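Please open the model in a viewer and keep the selection panel at hand.

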Amino acid sequence: MKWKLTNRFLMTIMTIIFIVIIVNLVLLVGLLYWHSNKSTTNDSVNDEVFTRDFKQYISTEQNVPNVNDVGLSLLTAHNAWIQILDTNGSVVTSYFAPSEAPSHYRPIDIVQHYKYREYDTGTTVYISNKDDFSYLIGIFNSDVSRYTFSLNGSSIINVTSKYVLYIIIVDLIIALFAGLMFGSILTKPLYVMIDSIQQLKNRNFHLQKVKRPGIYKQVFTNLQDVSSELEKQENERKKLEQMRNEWISNISHDMKTPLASIQGYAELLNDADVSDVERKEYAEVIERKSVYMRELIDDFNLTMKLRQHKMPLQLTEVRIEKLLRDLVINVLNDPQFAMSQVHFESTASELVLTVDVHLMQRAITNFLMNALIHNPSDTQVTVELTEVNGRVMIEIRDNGRGMSQEDVENVFERYYRGSNTTNVRGTGLGTAIARDIIFAHGGEVSIESEIGNGTTVKIRI
């Protein structure tokens, strides 16, 4: 794009220069042509030389001038005639002279013929002399025309300055017109660009379309892409803001409940009539509520660290099959899931991964616990480990209730709690934390689900 704009700008400058040069050449040729019609040409100089040198072909025998054969041939070749005059101006000898040529010339006539006047036949007259005789040579149909004019130094400078001024004015007008024309072509889309950027600044993402973007087509395409992306991010921001507010509301409610319990049981502990057994029960409740509140705060801190990539991973090499098998066993050893049906399958028994064991266990446990908690007790869950194209594939499948499309799209969002979690205690951060842990290990995670057809979580590392 940079070179395209540069080339277009250079082409504009070169076009303006080319137009100015052409116009200057046309003006120069015109002035030279006009000047050639106003001034004496080289033909005049040649004819003058021919006339002066012709005396060598004139001989005077017995005081009578004659032109020899060579001279007659030259006159014929030059389409010329000659009259030889004596000291009184009378024609003594004549060759090829027109019938209207005078037989006697006064001094003023000679001057008139030489400086001002031509015959109607288009003859130009030149004058020279030999010995006591003068002669006139006329050339028919000569390209030379004579004009008499007088000049002085100041007038020449004035005329020259005037023509130079005219050329400069014409050049300026051409440059101004060409600059306006090409400048309009180049700058008009810029105004639209500036307006579009102002609209984006004001969060108006519906930009007007440009009919003729020209060389800025790529720029406007990128602006449209930026507008679409900003609109998408704005919608996501609003959606996230709404979920955050809902999450804060839920967390506030969840925090009030344990705080109320802690406060109530703490007040009971101060009662002197409370037995030791009751005192122990109250203390256990306070401890349990405190642990829940601490876990809530820890989850929030963890998700923030993972999102900002400030969570250092304690990486160690581990056989992934053993990690998953132990994890499934630990879940089934929980009395809450003693009757659950969890199957473990593996085709990569020797596969070793470098992971943060604690965080990876937490991520996979979250997906497994979700499959157990949010489904009926008779739901069958399968954890499968395979290797596909050098990558670890972990699938956690269940045949439970499944999720709606809206829940699938938002399940990884922070603060989001699905429609089937109403009666389940949670912060809405578990799945988001699990996803961020997988990402921190350079992996990918996706969820496929349909209502009534169960859910499948696919983890690829």
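**Stop 1: the sheet**

Select Leu85, which stands opposite Val91 in strand 4. The model is predicted: local features need pLDDT of at least 70 and side-chain atom pairs count only at pLDDT 80 or more, whereas totals for chains, interfaces and linings use all residues. Residues are numbered from 1 along each chain as its sequence is written, and side-chain values use heavy atoms, with hydrogens and water left out.

Next, select residues 80–85, strand 3, which runs antiparallel to strand 4 and is joined to it by 4 bridges. Strands are DSSP runs (E, at least two residues; helices are H or I, at least four), numbered from the N terminus; two strands pair if DSSP finds at least two bridges between them.

**Stop 2**

Select helix 8 (residues 320–332) and helix 9 (residues 357–373), whose axes come within 10 Å and cross at roughly 50°. Axes are lines fitted to C-alpha atoms, for helices over the stretch in contact, and angles run from 0 to 180 degrees between N-to-C directions. Helix 8 and helix 9 are therefore oblique to each other (under 35 degrees is roughly parallel, over 145 roughly antiparallel, 65 to 115 roughly perpendicular, the rest oblique).

Finally, display the contact (heavy atoms within 4.5 Å): its residues include Leu323 and Val331 of helix 8 and Ile364 and Leu372 of helix 9.
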